Amino acid sequence: MKRQARQPIHRSQDTVATPLEWPQVDDELLRTLPPVLRAVVRALGFGRARDFLERQGGAPIWVPAHKKAAWGLTPGEMDRLRHVLQPHLNETRRITLPKVDKLFLKYRNEQIVRERGARSVRAIAQAHALTMRQVTNIFRQAEGEAVRPKDAAWADFVSRQTDLFA
């Protein structure tokens, strides 16, 4: 006779008190981040979030409902992380965390825009290990201008291409 697998018991998050001490994080930085990344940075602070995402980012994790210590986090950090990730968890309490490089893209792009007048595009590209095209696209995005296609000739071809099935 086969036995059914035990189903986990999900307790309501209402029984867990909301932690009072939250790390200080710049609100402007939080606004620029995607929702899951924003939740992790809000719960752990920028430095601890970077360390946590270096170890756990890019892979699905199970967020325990009552465990006090996991992934090298303190009990307070674990409570805050559990609290802010609750809306993002699926029915089995799993979530796929973003990789740590997503945390730094916005910051890097803002730094590149600040360097615009002081250095040449070539110097900025070399300093950040980017191509000159990537740097100019970052400048255009900062100005609110749409990023141009990679190849103007290709864009011209696409605009003249007739629809064969119309």
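Analyst: Helices (H or I, at least four residues) and strands (E, at least two) are DSSP runs, numbered from the N terminus. The model is predicted, so local features need pLDDT of at least 70 and side-chain atom pairs count only at pLDDT 80 or more, while totals for chains, interfaces and linings use all residues. Residues are numbered from 1 along each chain as its sequence is written, and side-chain values use heavy atoms, with hydrogens and water left out.

User: How many helices and strands are there in the chain?

Analyst: From the N terminus on, the elements run α-α-α-β-α-β-α-α-α-α. The count is therefore eight helices and two strands.

User: What percentage of the 166 residues count as buried?

Analyst: Buried means under 20% relative accessible area, exposed over 50%, and partly exposed in between (1.4 Å probe, protein chains only). Of the 166 residues of the chain, the part that counts as buried is 30%.

User: How many of the ten residues of α2 are buried?

Analyst: The buried residues of α2 are Val36, Leu37, Ala39, Val40, Val41, Ala43 and Leu44. Their cover includes α1, α3, α4, β2 (94-96) and α5. Glycine 45, whose phi is positive, near 85°, follows α2. The helix is largely enclosed by the rest of the structure because, of its ten residues, the number buried is seven.

User: Which residues does valine 40 touch, not counting residues up to four places away in sequence?

Analyst: Contact means heavy atoms within 4.5 Å. Leaving out residues up to four places away in sequence, valine 40 touches Gly45, Ala49, Phe52, Leu53, Leu81, Leu85 and Leu97.

User: Is glutamine 56 buried or exposed?

Analyst: Glutamine 56 has its place in helix α3. Not counting residues up to four places away in sequence, glutamine 56 touches Ile61, Trp71 and Leu97. Its relative accessible area is 18%, so glutamine 56 is buried.

User: What is the relative accessible area of arginine 133?

Analyst: Arginine 133 lies in helix α7. Arginine 133 is twelve residues from valine 121 in sequence and 9.0 Å from it in space, C-alpha to C-alpha. Arginine 133 is partly exposed because its relative accessible area is 47%.

User: Which element gives the most to the lining of the largest pocket?

Analyst: On a 1 Å grid over the protein atoms alone, a pocket is an open set of points where a 1.4 Å probe fits, with protein on both sides within 12 Å along at least five of seven lines; lining residues have an atom within 4 Å of a point. Leu105, Lys106, Arg108, Asn109, Glu110, Val113, Ile138, Gln141 and Ala142 line the largest pocket. Two or more of the lining residues come from each of α5 (101-114) and α7 (132-143). With six residues, the element that gives the most is α5.

User: What percentage of the contacts with a separation of 6 or more do residues 24 or more positions apart account for?

Analyst: The contacts considered are those in the chain with a separation of 6 or more. Among these, residues 24 or more positions apart account for 51%.
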